[in-house]
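My entries follow the structure.

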There are 2 protein chains.
Amino acid sequence: MADTARIVGGSVTAPRGFRAGSTSCGIKSDANTKDLAALLSDVPCVTAATFTTSKAPAAPVLVCKEHLAASGFRAQGVIVNSGNANCSTGERGMKDARTMAGILAQQYNFDEQLAMVSSTGIIGRFLPIEKIISGAPAIDPQYDGGDDFAGAIITTDTHPKKIALEFSIDGKTVRIGACVKGAGMIYPNMATMLCYITTDAAVEQQWLQETLRDCVEDSFNMIAVDGDMSTNDTVLVLANGLAENTPIAAGSPDAEIFAESLRQITKYLAMEIARDGEGATKLMEVRVSGAATDSDARKAARAVTVSPLWQCALAGSDPNWGRIIAAVGASGAVFDHNRLEITLGETRVVQNGLAADYAQADAKAAVSGKEVIISIHLHNGVAAATAWGCDLTHGYIDENTTYTR
Amino acid sequence: MADTARIVGGSVTAPRGFRAGSTSCGIKSDANTKDLAALLSDVPCVTAATFTTSKAPAAPVLVCKEHLAASGFRAQGVIVNSGNANCSTGERGMKDARTMAGILAQQYNFDEQLAMVSSTGIIGRFLPIEKIISGAPAIDPQYDGGDDFAGAIITTDTHPKKIALEFSIDGKTVRIGACVKGAGMIYPNMATMLCYITTDAAVEQQWLQETLRDCVEDSFNMIAVDGDMSTNDTVLVLANGLAENTPIAAGSPDAEIFAESLRQITKYLAMEIARDGEGATKLMEVRVSGAATDSDARKAARAVTVSPLWQCALAGSDPNWGRIIAAVGASGAVFDHNRLEITLGETRVVQNGLAADYAQADAKAAVSGKEVIISIHLHNGVAAATAWGCDLTHGYIDENTTYTR
């Protein structure tokens, strides 16, 4: 991380010219729960985005893609509802998503193509669009409304997840703010994950898109709660340029600090999602090194995070590393079993594919904390990757046995 | 299924010339639990086998492969221990597995290369080989010992899983007997699954191997309990030829009834494993049709069986089919969301990618029984596949949080 970036408060409204707010319009059964929110820029923004790769994408994802294509990757606002995913809702779902975008554009007086839409919640039910139409005017966006917005978009998350950084470019102070939601159906390319990132930096679109893709690849695409990929996943970066710096592009002197800040933000939020996985009591970080290829490193690291057997062992603070070996062995990554090395925290438990000489109490201590680091050396090359996940507990099952009732 | 095959008792000793037995040699902490078993044929057998594709295979798997290669795919007996997987045990593990094979060969007077070995249990600990050496003579194999053997090889299974069929070939009565163990770490290519199949039919080896591979592909390789593939998976077919039929080969008039019987047996045992998954209260059968390719059909069907979110919904008898759509959407199978059709039991819940007109009570009833059938039509071709899995409950977590303590 560049040494000049500082953490500041305010989430998505930390950068200049962004305001946000929320309301309860009645999509969720509890009338006091926020279920509709909006994020707005004073001026149109250069926009980068990544979406779910599901073959059953939700209507709002399709509408965002349409609008970005039509606007030349520019946007001025986002409207988000929770409680209903508007997925598997066909033509009516597309119409409803366009209606949501239209409400936002009309209310804040910009072109409909500049409006982004997200939905999260139950799949397969039509949106109660009348409730959204009547509720939307009650959203009263504020220039300090970022935390309100971050709180309104969460579903089974136990708390809002947000961050903002500040640094200097061209002698101008620049900020990047962000928030994310997601706790279940998390196995990205992407996760049920909505992430909004704002910045007042001026940034060239193509470079922003490429930088975002790199950051997402090493952050949100490396976390898992349960191996389930969502139909609604969306990451948006809105750059409104109000810091008036020379626009950042590939090769700019300031490209690095911006990219590093974006990388720090996406990694932080990704880890926050894994830590807050449904029912989770522990965050695991799986560091794979010595792989022949990046792909092998990623496969091996992710395989450990989605092994229910290892996730259960972790829940019980049981250093049962045989399950790590089974997961890595089945991952498709190439390695020689007899050179494998595994370290839990600081305790080497496997060397040359065999139980190392270690004290069981040390291994147990290494998996007993709230954050557990698992290092795996494949001794088959120089590629490395890190993935994050959580343990599997009764809490996950309790949250998911009767979700639609 | 051919109309002439009948179910008979006796498991792996139902065919002529096979005997089996077991003992408690102290590998497991409870002194009364059977943990060592042997299966023997009176004469050498034509043998077919499939093993785990894990990159970290256990020593007994490697020794079986060595012996089969050396013997020209012939075997006369199998020795199996539970309580210890003899995996990640390096050279010493290989020596121990060979010692187990040697004990069997010496005790029953056949060539060591004709001895197969299996182990199941905790990964990463050396076998207590002295206990096996002193315990093995107490095994007293009987010609009606099949059920004893089937009971001795199980670990977290709630009951032994076994079957035997009888049919006629050349006017000779032929039998195929089988048993299997496996409840957790089940996501084959293969599962933590040991399966032994015996037959007194005379069968040509290459045809038997090909037929076994086909059967395994549609049975054990289509089940999942938790998405974890084991390091020890083994399926062995021993054909001793004592029925004195003309050896069955490709194109034989009797090839079909034998292959169909083998298919019925492997499918039955695979479903039994899924039904008895750790903590499972329900068996799910996922039938995918209308896929563009076999691979798409298999991917889509298996994706539903390993979706923890859908497994949890199933546990709660919640017909939350949005999670089925999310799983199929993320599976990599190609389809048009707007043509997707999903039926729970007899209740069509999704048509043209949308909620169909159905009564919630009917959908709930369809997922409330002990066996739940999920039919998914992709409307993108003619390929089909069926996969089996189970629900995800507190029981799975309870069984797996402190396994090594």
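I began with what covers the buried residues of α2(B), and found that β3 (36-51), α1 (59-71), β4 (74-84), β5 (115-122) and α3 (129-135) of chain B are included. Contact here has C-beta atoms, placed from the backbone, within 7 Å. Helices (H or I, at least four residues) and strands (E, at least two) are DSSP runs, numbered from the N terminus.

I noted that this is a predicted model, in which local features need pLDDT of at least 70 and side-chain atom pairs count only at pLDDT 80 or more, while totals for chains, interfaces and linings use all residues. Residues are numbered from 1 along each chain as its sequence is written, and chains are lettered from A and ligands numbered from 1 in the order in which they are written.

I then listed the buried residues of α2(B): B:Gly93, B:Asp96, B:Ala97, B:Met100, B:Ala101, B:Ile103 and B:Leu104. They fall within an arc of 150 degrees seen down the axis of α2(B), so they line one face of the helix. The arc is taken from the directions from the helix axis to the C-beta atoms. On the other side, I found B:Glu91 and B:Gln106 exposed. Buried means 20 or more other C-beta atoms within 10 Å of a residue's own, exposed 12 or fewer, and partly exposed in between, with C-beta atoms placed from the backbone.

After α2(B) I reached B:Asn109, whose phi is positive, near 65 degrees.

I turned to chain A, where A:Leu309, A:Trp310 and A:Ala313 in α8(A) meet A:Arg323, A:Ile324 and A:Ala327 in α9(A).

Key:
Contact = placed C-beta atoms within 7 Å.
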